[in-house]
Structure formats: C-alpha cells, structure tokens
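This briefing goes through one protein model, topic by topic. Look at the sequence and the structure first, then read the points below.

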Amino acid sequence: MQLSPEELDGVVKRLQRAQGQIGGIIRMIQEGRDCQDVVTQIAAVSKAIDRAGFAVIATGLKECVTDGDGDTAQMERLFLSLA
C-alpha cells in the first residue's frame with residue numbers, strides 16, 4: 001500500500017524533530033553530560049519515533065477501510081511490530 005506524502009506531513013515533521021533530538025543526545029554524550037539527562041532524552045526520542053510509526057499505520061488502516069482493498073493483515077503485523 002502506497003501512502004501519499006501529503007497524508008504523512010505530520011509524521012515527517014515529527015521524525016525531523018526526532019532527528020534533531022538525536023543530534024542533541026550525541027552532543028550530550030560527547031560533552032559528558034549526566035547519565036539521567038541523556039537517558040531522559042533517549043526516552044523522549046524513542047517515544048516520538050514510536051508515535052510516528054503508529055501514525056503511519058493509522059493512516060494506512062484508514063486507507064484500507066476507506067478503499068476496502070488494502071491488506072489489513074499486513075497493517076496488523078506492522079502495528080504489532082511496534083509493540
């Protein structure tokens with residue numbers, strides 16, 4: 001199933017933010033920042049990436065329901081892969 005880029009604009013923005021956060025985490029580690037601060041940031045970026053994945057799957061499921069010709073079993077497997 002192919003999803004349109006317009007439907008995924010929010011996902012792209014979320015992933016770009018996460019990309020920036022990852023750069024920040026790398027700098028924190030290089031600067032010797034406190035372990036708790038680093039782990040807190042890693043948890044935040046992990047959550048952002050998970051939400052991006054769920055948004056992609058939700059968009060795909062919506063397409064499946066609307067069009068009626070999508071592979072819902074495949075979407076279910078993708079959803080479970082994020083769990």
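Which residue just after H1 takes a positive phi? That residue is Gly 32, with a phi of about 75°.

**Overall make-up**

- The protein chain has 3 helices and 0 strands.
- Read from the N terminus, the order of elements is α-α-α.
- The chain has 83 residues, and 20% of them count as buried.

**Confidence**

- The average pLDDT of the protein chain is 85, and 86% of the residues score at least 70.
- Confidence is highest in H1, at a mean of 95, and lowest in helix H3 (residues 72-82), at a mean of 75.
- Where pLDDT is low, predicted coordinates should not be read in detail.

**Helix H1**

- Helix H1 covers residues 9-30.
- With 22 residues at 1.5 Å a residue, H1 should span 32 Å, and this agrees with its end C-alpha atoms, which are 32 Å apart.
- The expected span is 1.5 Å times one less than the number of residues, which is the step behind that figure.
- Val 11, Ala 18, Gly 24, Ile 25 and Met 28 are the buried residues named in H1.
- Viewed down the helix axis, the buried residues of H1 fall within an arc of 135°, so they line one face of the helix.
- Lys 13, Gln 19 and Gln 30 are exposed on the other side of H1.

**The nonpolar patch**

- Ile 26 is placed in helix H1.
- Ile 26 has a relative accessibility of 45%, so Ile 26 counts as partly exposed, because that class lies between the cut-offs of 20% and 50%.

- Arg 14 lies in helix H1, and Arg 14 is partly exposed at a relative accessible area of 28%.
- Arg 14 is 34 residues from Ala 48 in sequence, while their C-alpha atoms are 6.8 Å apart in space.
- Arg 27 is also found in helix H1, and Arg 27 is partly exposed at a relative accessible area of 48%.
- Arg 27 and Val 38 are separated by 11 residues in sequence and by 9.8 Å in space, C-alpha to C-alpha.

- Is Ile 57 buried or exposed? Ile 57 belongs to helix H2 (residues 35-67), and with 5% relative accessibility Ile 57 counts as buried, because the cut-off for buried is under 20%.
- Ile 57 stands 19 residues from Glu 76 in sequence, and their C-alpha atoms are 8.5 Å apart in space.
- Thr 59 is placed in helix H2, and Thr 59 is buried, with a relative accessible area of 11%.
- Thr 59 and Leu 3 are 56 residues apart along the chain, and their C-alpha atoms are separated by 7.8 Å.

Methods
Residues numbered from 1 in each chain as written. Predicted model: local features only at pLDDT ≥ 70, side-chain atom pairs only at ≥ 80, totals over all residues. Heavy atoms only, no water. Helix = DSSP H or I, 4+ residues; strand = E, 2+ residues; numbered from the N terminus. Buried < 20%, exposed > 50% of the residue type's maximum accessible area, 1.4 Å probe, protein only. pLDDT = per-residue confidence, 0-100. Arc of directions from axis to C-beta.
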